[in-house]
Number of protein chains: 2
Amino acid sequence: MSKAQESINKPVIVLVRPQLGQNIGKSARAMLNFGLTEMRLVAPRDGWPNPDAGPSASGADEVLERAQVFDTAEHAIADCSTVFAATVRRRDLVMPVVDPVEMANQIAQSSHRSAILFGPERSGLETDEVALANAIVIVPINPGFASLNLAQAVILLAYEWSKRSALAQPPAKDLEPPAPHGELEGLIGQLDDALVAKGYFHPPSRTQATRNTIRTIFSKTSWSSREVKAVRGIIRALVNPPRQRRH
Amino acid sequence: MSKAQESINKPVIVLVRPQLGQNIGKSARAMLNFGLTEMRLVAPRDGWPNPDAGPSASGADEVLERAQVFDTAEHAIADCSTVFAATVRRRDLVMPVVDPVEMANQIAQSSHRSAILFGPERSGLETDEVALANAIVIVPINPGFASLNLAQAVILLAYEWSKRSALAQPPAKDLEPPAPHGELEGLIGQLDDALVAKGYFHPPSRTQATRNTIRTIFSKTSWSSREVKAVRGIIRALVNPPRQRRH
């Protein structure tokens with residue numbers, strides 16, 4: 001993805017009439033955690049800049065410094081083609097309702113700028129503001145306890161966007177591959193020898209069944225070569241203690 | 001899905017040495033937004049109950065009232081078979097690293113209790129606490145600005161769990177379930193005692209690292225209770241041979 005394309009695919013986060021500077025700061029922090037940098041503020045209650053925002057942003061100052069202020073939601077999204085309205089409930093509007101995953105898909109597929117509108121802390125977006133959007137996005141939450149605050153709504157949608165975007169890298173698999181079967185056989189053979197020497201297999205009629213059980217147990221471990229070696233060292237130590245150490 | 005099954009698939013949220021009551025309250029709110037209700041606290045800095053927690057929970061009082069307190073992370077997860085350690089960075093541990101989606105899949109597929117460990121606000125989990133887990137879960141965030149607070153980490157993993165749980169099918173019953181964590185601890189403890197007696201841990205400066213390696217090796221085995229018992233019998237036989245048999 002080109003730099004320009006990546007920038008297009010980063011949704012603008014629009015906070016409509018936010019009340020507390022703290023929540024603006026927390027939203028900036030939530031955004032930057034997932035690589036979003038463009039915040040727009042519509043008629044923030046206490047003006048802008050707001051001295052309470054910075055301390056709550058925990059270092060996401062670049063988001064706050066670049067924030068732009070607009071007088072209406074309509075003006076704030078004038079350059080955006082794909083707009084979502086984040087709400088906690090359906091409205092009396094005939095509009096598509098999507099979940100965060102579908103929102104992220106639509107943003108990723110959009111070849112133009114997109115935006116997500118968030119309403120004021122208490123009341124949420126006005127119906128005519130929701131109507132500006134192409135779709136409503138609802139985070140599916142516990143119907144018995146729906147209590148998402150502004151920054152939490154921002155972080156969940158930013159997270160879902162980042163998963164879908166090029167920025168999201170799956171964690172590298174630094175898992176060691178399971179050891180080849182021959183190495184596991186070596187371990188089982190060593191253990192078998194030690195158990196024979198210790199008189200473990202008894203009575204003789206049960207020996208084969210016990211051996212099968214041991215094989216099953218050690219075949220399901222998914223140990224790497226390094227781990228097989230370590231376990232072999234452990235068995236060796238249990239059977240033949242390392243030479244006495246000075247303490 | 002039966003009620004009991006649903007309860008099993010809800011991960012326990014374990015806050016290890018949380019510092020601020022506010023953050024415990026916010027975490028409870030984050031949990032309940034996505035239907036999680038079982039919180040466990042390991043040695044909360046300011047004791048428990050904490051008067052700062054309630055106001056920050058915004059009504060998630062049932063989570064706080066039911067919270068249980070433990071003295072160590074190990075005790076808090078003793079009844080859990082599948083344990084994830086939430087960290088922001090890789091550790092010097094050879095352990096599986098999963099993203100939140102994979103974590104949610106594994107929890108949904110588990111037929112026994114699961115838990116997610118979160119460390120203290122500033123420092124995160126200690127390495128020996130991470131080593132208790134079956135896997136590390138990392139939320140992929142902006143490498144240039146990684147600033148997730150405790151409740152944000154909780155809400156993102158709870159959200160991801162809730163998305164997967166709606167689709168969760170009861171796991172197939174034909175495999176023996178993995179042993180609860182406490183049984184694995186019993187095995188590791190027995191092995192440790194035997195290795196100490198045999199002078200295996202040397203030099204002392206490497207002992208903790210070696211212990212972590214052993215814990216990691218035996219935490220990935222997926223052994224059932226029956227198999228854990230069998231391995232304990234094997235260790236016993238290697239250390240103290242059964243009484244001499246007549247051949």
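Colleague: Is B:C80 buried or exposed?

Modeller: Burial is read from relative accessible area: under 20% is buried, over 50% exposed, and partly exposed lies in between (1.4 Å probe, protein chains only). B:C80 counts as buried because its relative accessibility is 0%. A:C80 is likewise buried because its value is 11%. The model is predicted, so local features need pLDDT of at least 70 and side-chain atom pairs count only at pLDDT 80 or more, whereas totals for chains, interfaces and linings use all residues. Residues are numbered from 1 along each chain as its sequence is written, chains are lettered from A and ligands numbered from 1 in the order in which they are written, and side-chain values use heavy atoms, with hydrogens and water left out.

Colleague: How many disulfides does a search of the whole structure find?

Modeller: A disulfide is a covalent bond between the sulfur atoms of two cysteines. The criterion is a pair of cysteine sulfur atoms within 2.5 Å, and the search over all chains finds zero.

Colleague: How many residues of chain B are in contact with chain A?

Modeller: Contact means heavy atoms within 4.5 Å. By that rule, 67 residues of chain B touch 67 residues of chain A. Buried area is the accessible area (1.4 Å probe) that two parts lose on being put together, summed over both; here it is about 5400 Å², with 62% on carbon and sulfur atoms.

Colleague: Which side chains meet in a salt bridge?

Modeller: A salt bridge places a side-chain nitrogen of Lys or Arg within 4 Å of a carboxyl oxygen of Asp or Glu. The rule finds two across the interface of chain B and chain A. One joins B:K163 and A:E160, at 2.7 Å from N to O.

Colleague: What is the phi of A:S58?

Modeller: Most residues other than glycine have a negative phi, and most peptide bonds are trans. A:S58 has a positive phi, near 50°. B:S58, also not a glycine, has a positive phi of about 50°. A:S58 is partly exposed because its relative accessibility is 35%, and B:S58 is partly exposed at 36%.

Colleague: Which residues does a cis peptide bond join in chain A?

Modeller: In chain A the bond joins A:H202 and A:P203, with omega about 0°. In chain B a cis peptide bond joins B:H202 and B:P203, with omega about -5°. Helices (H or I, at least four residues) and strands (E, at least two) are DSSP runs numbered from the N terminus. A:P203 lies in the loop between α9 (181-197) and α10 (207-219) of chain A, and B:P203 in the loop between α9 and α10 of chain B.
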